[in-house]
Amino acid sequence: MKIAIIIPGLEHKGPVIVARELCEKFCDRGHYCEVFYFNDNGPEVFPCKTTKISLLDLIDFDKFDIIHIH
């Protein structure tokens, strides 16, 4: 399964920590994850591809089976 996770930034706070843990579990089970974020204001590291976005970016979310947003 392909899973997109959208978070506000990479800061070490509750929703981002939960998103990272979900991503780790999904990747451990063989799923493809990609994290999209708006602010690079933190040290959080994800075990998958991370992409900084803005509100003006056009992203093809049709290639994902699940879109998880915090």
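The chain comes out with an average pLDDT of 93, and 100% of the residues score at least 70; pLDDT is the predictor's confidence in each residue, from 0 to 100. Among the elements of the chain, β1 has the highest mean (95), while strand β3 (residues 49-52) has the lowest (93). Helices (H or I, at least four residues) and strands (E, at least two) are DSSP runs, numbered from the N terminus. This is a predicted model, so to speak of local features a pLDDT of at least 70 is needed, side-chain atom pairs count only at pLDDT 80 or more, and totals for chains, interfaces and linings use all residues. Residues are numbered from 1 along each chain as its sequence is written, and side-chain values use heavy atoms, with hydrogens and water left out.

Helix α1 (residues 14-28) has 15 residues and spans 21 Å from first C-alpha to last, close to the expected 21 Å, that expectation being 1.5 Å times one less than the number of residues. Its buried residues (under 20% relative accessible area; exposed is over 50%, partly exposed in between; 1.4 Å probe, protein chains only) are V16, A19, R20 and C23. Seen down the axis of α1, they fall within an arc of 100 degrees, so they line one face of the helix; the arc is that of the directions from the helix axis to the C-beta atoms. The cover over these buried residues includes β1 (2-9) and β2 (32-39), where contact means heavy atoms within 4.5 Å. Just after α1, G30 adopts a positive phi of about 90 degrees.

As for disulfides (cysteine sulfur atoms within 2.5 Å), the structure holds zero. C23 is in none, its nearest cysteine sulfur being that of C48, 3.2 Å away. C23 counts as buried because its relative accessibility is 0%; C48 is buried too, at 17%.

Turning to the aromatics, a search of the whole structure finds three pairs. Rings of Phe, Tyr and Trp (its six-membered ring) pair if their centres lie within 6.5 Å; planes under 30 degrees apart are stacked, over 60 edge-to-face and the rest tilted. F36 and F64 sit edge-to-face, 5.9 Å centre to centre with 85 degrees between the planes. This pair links distant parts of the chain, 28 residues apart: F36 belongs to strand β2, F64 to the loop between β3 and β4 (66-69). F61 and F64 have centres 6.2 Å apart and planes at 45 degrees, so that pair is tilted. F36 and F64 are both buried, whereas F61, at 24% relative accessibility, is partly exposed. F36, F61 and F64 form one aromatic cluster.
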